[in-house]
Amino acid sequence: MPIVLTSNASATTASLNLSRANDSLRTSLERLSSGKRINHSRDDAGGLAVAYKIKSEGSRTLAIMQNIRNALSYLQLQDGSMEAVGKIFDRMSELRTMASDITKNSGDIENYSKEFVELQLQLDQIKNDKYNGISLFAGNGPPPGNGGLKGTGFYRKSDGSQVTYEKFGRTLQASPASAMTTVSINVVNLEFVASYDALDPSKVQVNAIGYADRITDFAISLFTDAMEKIADVRAENGAEQNRLRHTLLSMESFYANMEAAHGRIMDADIAAESTRFARSNILVQSSASMTVQAKQLTSLALTLIQ
């Protein structure tokens, strides 16, 4: 290699190597400080695009999981109210049976009727129960608000006969990827379950002669029929709760795997990156030292001129 004054190829090469090592060092520093493998689209354009889509689906999955938990709370509140309704009907049937005792005089029957009417009024209040402003129950007529649906339900009585009734529900999306994957949440038709005047406040009011004949207006069979319907709707409620719990378990597993996939693309491997950082750091220092040495090569030409 000739000795020249106007150019220094060795210094240029050393400077280029220093620049490359310095770029590698800065990249490692950025990844170690941010914890991410991809900090700019230039780092991995394809990987960043995939990670964006996975992150978006993961966010939707979290929202679906939150919706499912809220739906579970809705069903649990509905079941708690239906449990109270069952206890009320149980007590009302007990009062009606005691009012049939031949040893009870009209005063006794009137006293039973007083509690009976109060229980009817409580049923009417339960009918208006809401969760965050959303009705827990429905009655015959238009579908409930907030996306409520109306259809025809089929109820099989204990004697084997089948009756139809107006059934209401709300649709819960159960998949972040498809709006077609849904779960129907039952809005209990309490008017059908009660099957008598308790849900019509105008019919609960006592007549002019007092409470005496109120409790005897109802046959005991009305209460046994209502108890069977309560058992039916609570069974459906429990089935829906179990389905939502299994759906939630599936969503949790799905989200965990989505997070792992996103992390493999975006997160920096700290152990590997710290090794690259140490290597780049040594190369920067070595390149800087060699660049200094290469710049001194032209001084050799000056010694030959002297």
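This is a predicted model: local features need pLDDT of at least 70, side-chain atom pairs count only at pLDDT 80 or more; totals for chains, interfaces and linings use all residues.

Colleague: What is the volume of the largest pocket?

Modeller: About 290 Å³.

Colleague: And which element gives the largest share of its lining?

Modeller: Helix 2, with four residues. Helix 2 and strand 5 (162-173) are the elements that give two or more residues to that lining. The lining residues include Asn-67, Tyr-74, Asn-132 and Arg-170.

Colleague: How does the lining split by class?

Modeller: Six nonpolar, five polar and one charged.

Colleague: You listed Asn-132. Where is that?

Modeller: Asn-132 sits in the loop between strand 1 (130-131) and strand 2 (134-135). Its phi is positive, about 55 degrees, although Asn-132 is not a glycine.

Colleague: Is Asn-132 buried or exposed?

Modeller: Exposed, because its relative accessibility is 74% and the cut-off is over 50%.

Colleague: Back to helix 2, then. What about Ser-81, buried or exposed?

Modeller: Ser-81, which lies in helix 2 (residues 45-99), counts as buried because its relative accessibility is 11%, and buried means under 20%.

Colleague: What does Ser-81 touch?

Modeller: Leaving out residues up to four places away in sequence, Ser-81 contacts Ile-126, Asp-129, Leu-136 and Phe-137.

Colleague: Different topic. Where is Asp-108?

Modeller: In helix 3 (residues 106-127). Asp-108 is partly exposed, at 27% relative accessible area.

Note on methods
Residues are numbered from 1 along each chain as its sequence is written. Side-chain values use heavy atoms; hydrogens and water are left out. Buried means under 20% relative accessible area, exposed over 50%, partly exposed in between (1.4 Å probe, protein chains only). Contact means heavy atoms within 4.5 Å. On a 1 Å grid over the protein atoms alone, a cavity is a set of points where a 1.4 Å probe fits but cannot get out, and a pocket is an open set with protein on both sides within 12 Å along at least five of seven lines; lining residues have an atom within 4 Å of a point. Grid points are joined across faces, edges and corners, and a volume is the space filled by probe spheres set on the points. Ala, Val, Leu, Ile, Met, Phe, Trp, Tyr, Cys and Pro count as nonpolar, Asp, Glu, Lys and Arg as charged, and the others, Gly among them, as polar.
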